[in-house]
Amino acid sequence: MFSANHQKFIEMDELSQQKVPFFFIIDFLVDQVEIFTENEIEKEGLLIDFQCFSNAKKQDALQKKIEWKSFPESLESFKKGFDHVQKNIHQGNSYLTNYTRKTKIETNLNLREIFHHSQAKYKVLYKDFFVFFSPETFVKILDDKIQTYPMKGTIDASLENAAEILKNDKKEKAEHYTVVDLLRNDLSMVADDVKVDKFQHIDFLKTKQKDLYAMSSEISGNLKPEFKGKIGSIMQKLLPAGSILGAPKPKTLEIILEAEGFERGFYTGVCGWFDGKDLDSCVMIRFIEKEGDQLYFKSGGGITHMSKLEDEYQEMKNKIYVPIH
């Protein structure tokens, strides 16, 4: 699965050791690895808006009323894959599986407008192919210290005591513990002294459709000597990202491929900006892709043995939004 791209990871290592800034984008299955140096970004039709790097020009306010319709699959259709996931969890093949769906949407916004007017920590428009507005950091590297911020568990913020409910929800808590544990183990492959700095921190996400609370944690470690300055080697070790896959990784990946029945492609892959010294990267979620003239929104959530079908179906639908105020 990873061998075809070995050369690309070597190239990333060479660039980062030479302290050359670059942007990279890697799909979910680590089949496609694309690298862009600073002067190639514009030429390749990439628009990027990260906190640490942006090539997006400021736009005038939107002059139109947003039209937004989604056409989620039926509960019965969702249930097929959900049951397959649950069966595997009960058989002990996985204890957390991230199950995602592809939903047709209709909007009067084009991908470029969605990119410019949505508000998120990480935004990328890739040609006229896909756009995402992600709240989720994958890893950051600052002065040879690596940090990750798993985000698992969301709730509609309009509910009374929503933040408290989320914090004390048994299922969300279990899912969060699992992801924190998984990512702590993942970081330990490339770093020493790995520790959880913040646990179950509640973030507020404002969107056009509804406001959400999300639960995240912070894990850090010091890069092992053999990984210092080697962005490619680090990515090769850590991918696919645990937070959007599940645990244990190899078996859970098999379950996902059987249950979902569509190709994630770049959705739930990762991309990042290396500035010549430090790295900021994100998980490509909150994702809209164009197929022909049709737009699709890809979304989902983590399934554990405590997951209830209706709740997971609702969460998948809750995430089909665009954060334009």
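A salt bridge is a side-chain nitrogen of Lys or Arg within 4 Å of a carboxyl oxygen of Asp or Glu. K195 and D197 meet this definition, since their closest N and O atoms are 3.7 Å apart. The structure shown above is a predicted model. Its protein chain has 325 residues, of which 56% count as buried. This briefing presents the chain as a whole, then its salt bridges, and then selected strands, helices and residues.

**The chain as a whole**

- The secondary structure of the protein chain consists of nine helices and 17 strands. The radius of gyration is 19 Å, close to the 20 Å that the globule rule gives for 325 residues, so the chain is as compact as a globular protein of that length.
- Along the principal axes, the C-alpha atoms of the protein chain occupy a box of roughly 50 × 50 × 35 Å.
- When contacts between residues at least 6 apart in sequence are considered, 72% of them join residues at least 24 apart.
- The protein chain has an accessible surface of about 14400 Å², and carbon and sulfur atoms account for 47% of this surface.

**Salt bridges**

- The whole structure contains 20 salt bridges. One of them joins K127 to E44, with the closest N and O atoms 3.8 Å apart. K127 belongs to the loop between β6 (122–126) and β7, while E44 belongs to the loop between α2 (38–43) and β3 (46–49), so this pair ties together parts that are 83 residues apart in sequence.
- Both partners of this pair can be described by their accessibility. K127 is partly exposed, with a relative accessible area of 39%, and E44 is partly exposed at 34%.
- A salt bridge also links the side chains of D128 and K290, with an N to O distance of 2.6 Å. D128 is placed in the loop between β6 and β7, and K290 in strand β16 (residues 287–291); the pair therefore connects parts that are 162 residues apart in sequence.
- D128 has a relative accessibility of 48% and counts as partly exposed. K290 likewise counts as partly exposed, at 26%.

**S134 and its surroundings**

- S134 is part of strand β7, which covers residues 130–134. Its relative accessible area is 0%, and because buried means under 20%, S134 counts as buried.
- A polar atom of the S134 side chain lies 3.0 Å from the backbone nitrogen of E136.
- Apart from neighbours within four places in sequence, S134 is in contact with A120, K121, Y122, V283, I285 and R286.

- Strand β10 (residues 151–156) is mostly covered, with six of its six residues buried.
- β10 and strand β12 (residues 212–223) run antiparallel and are joined by four bridges. Within this pairing, I155 stands opposite Y213 of β12.
- In a regular strand, side chains alternate between the two faces of the sheet.
- Helix α7 (residues 231–238) is also mostly covered, as six of its eight residues are buried. The buried residues are I231, G232, S233, I234, M235 and L238.
- An α-helix has 3.6 residues a turn, so residues three or four places apart point the same way.

- I324 is located in the segment after α9 (309–318). With a relative accessible area of 4%, I324 is buried.
- I324 and V283 are separated by 41 residues in sequence, and their C-alpha atoms are 20 Å apart in space. V283 is also one of the residues in contact with S134.
- H90 lies in helix α3, which covers residues 75–90. Its relative accessible area is 59%, and because exposed means over 50%, H90 counts as exposed.
- H90 and Q51 are 39 residues apart along the chain, and 41 Å separates their C-alpha atoms.

Conventions:
Residues are numbered from 1 along each chain as its sequence is written. This is a predicted model: local features need pLDDT of at least 70, side-chain atom pairs count only at pLDDT 80 or more; totals for chains, interfaces and linings use all residues. Side-chain values use heavy atoms; hydrogens and water are left out. Helices (H or I, at least four residues) and strands (E, at least two) are DSSP runs, numbered from the N terminus. Buried means under 20% relative accessible area, exposed over 50%, partly exposed in between (1.4 Å probe, protein chains only). A polar contact is a pair of N or O atoms within 3.5 Å; within protein, one must be able to donate a hydrogen and the other to accept it, and residues adjacent in sequence count only if both atoms are side-chain atoms. Contact means heavy atoms within 4.5 Å. Two strands pair if DSSP finds at least two bridges between them. The radius of gyration is taken over C-alpha atoms; the globule rule is 2.2 Å times the number of residues to the power 0.38. Accessible areas come from the Shrake-Rupley method with a 1.4 Å probe; for residues, only the protein chains shown count as cover.
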